[in-house]
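Please examine the structure shown below, and then follow the explanation one feature at a time.

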Amino acid sequence: MANVAVIGAQWGDEGKGKIVDWLAERADMVVRFQGGHNAGHTLVVGDKVYKLSLLPSGIVRGTPSVIGNGVVLDPWHLRDEIARLGEQGVAVSPDVLRVADTCPLILPLHRDLDGLREDASGAGKIGTTRRGIGPAYEDKVGRRAIRLCDLAHLDSLEPQLDRLLAHHDALRAGFGQPPIDRAGLLAELRDIAGFVLPFAKPVWRDLNAARAAGKRILFEGAQGVLLDVDHGTYPFVTSSNTVAGAAAAGSGIGPSGVGFVLGIAKAYTTRVGSGPFPTELDDSTGERLGERGREFGTVTGRKRRCGWFDAVLVRQSAAVSGITGIALTKLDVLDGFDEIQICTGYRLRGEVLDYLPAHAADQAAVEPIYETVEGWSQSTAGARSWADLPAPAIKYIRRVEELIRCPVALVSTSPEREDTILVRDPFAD
């Protein structure tokens, strides 16, 4: 049996939560490997709706879950999210959740810096969630981060605090802000340490042991490939690598252990925040997609921008991330359109391109080249087999496969986990 890595093939918000939940029931372990609590996954289980942003989606079903070293961890948010799940009847203990002891921590000073930068950026705003994700990753790379394992050694933390505060106090001074309250920060760390340290483990050992025992491991990505810090629409990206290769580096299992790569893509395209969006529809069609798809961010509540399916971008995502198969979600949102358009290429100053150029100015200037396909009037909502789909919907799926050069493995036709058409079982490869 294969392990499976689930990643977003667009700009995030593709419906990964439902697919991960659907797969997690058959997995022996679920792993978050990058990002932080800027990610948002909505799970619908029976009559209950769970909104997660840091915890792996498998936690709702009691599947052993791991937060890997590639994640930046806000321990205060972790405490709050665990408490919220407790109120919904889901108990999260160190028996079911393990957190890599090498996770860098998101501190209050990171949230402060994130907000100060966005407020001062004017037209250059990136549209961050202001949760400190980017600044925490900067400190990790700058070798001044406080990691989860450091909370067990607070009495010897002074040299690390010297490095950290020398950097942040200088930045804060540039924004006219006072220095960090060193004693206050230490007090906050001491307060949270007792809660979070019982979850801290060398999770790479657990993952490799599970792999050796033939267990099924599900790697859960956050955001999407187009937000990858290297391969996305830079600088309007997240601060981590969201491609499937990050599943290995962000968990400690090694590249050969990742297995089947399942890319999640909506049957249309959405984006939250700033940045280029070649197929964006700033018209009644875009509004219709947004209303039917209930397109609001799980974490931010921000209205998502909507547009037609961009086969160029998903093909690019599939290539750079080694996607084995696509899970096409929200097909039912396209019900009732007489015609549907698919972007098959771009024009940039008279030149036809089959990829998204690297520079932000060129990305903003490209014009989509569309192919029009037949729509369908019948409802696809709740379909669970090919026989339940109208012929034009099947033709649409097949054309998407051709254009992105990647097979469709799953089709999702509603938020309900059972409303899924299984074409190829990722765990069987």
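In this predicted model, the second largest pocket has a volume of about 700 Å³. Its lining is made up of 26 residues, and those nearest the centre of the pocket are T42, G293, R294, K330 and P415. Helix 1 (16-24) and strand 3 each contribute at least two residues to this lining. Strand 3 gives the most, with four residues. Rolling a probe the size of a water molecule over the atoms is a way to show where empty space is left.

Strand 3 also has a pairing partner. Strand 3 (residues 41-45) pairs with strand 4 (residues 48-52) in the antiparallel sense, over five bridges. One of the residues involved is V44, whose bridge partner in strand 4 is V49. The two strands form a hairpin with two residues between them, and in this hairpin G46 takes a positive phi near 65 degrees.

Which residues of helix 2 are buried? They are P75, W76, H77, L78, E81, I82 and L85.

The length of helix 2 (residues 75-87) can be checked by simple reasoning. Its 13 residues should span 18 Å at 1.5 Å a residue, and the C-alpha atoms at its ends are 19 Å apart, which agrees. At the start of helix 2, a side-chain oxygen of D74 comes to within 3.0 Å of the backbone nitrogen of W76. After helix 2 comes G89, with a positive phi near 90 degrees.

How values were computed:
Residues are numbered from 1 along each chain as its sequence is written. This is a predicted model: local features need pLDDT of at least 70, side-chain atom pairs count only at pLDDT 80 or more; totals for chains, interfaces and linings use all residues. Side-chain values use heavy atoms; hydrogens and water are left out. Two strands pair if DSSP finds at least two bridges between them. The expected span of a helix is 1.5 Å times one less than its number of residues. Buried means under 20% relative accessible area, exposed over 50%, partly exposed in between (1.4 Å probe, protein chains only). A polar contact is a pair of N or O atoms within 3.5 Å; within protein, one must be able to donate a hydrogen and the other to accept it, and residues adjacent in sequence count only if both atoms are side-chain atoms. On a 1 Å grid over the protein atoms alone, a cavity is a set of points where a 1.4 Å probe fits but cannot get out, and a pocket is an open set with protein on both sides within 12 Å along at least five of seven lines; lining residues have an atom within 4 Å of a point. Grid points are joined across faces, edges and corners, and a volume is the space filled by probe spheres set on the points.
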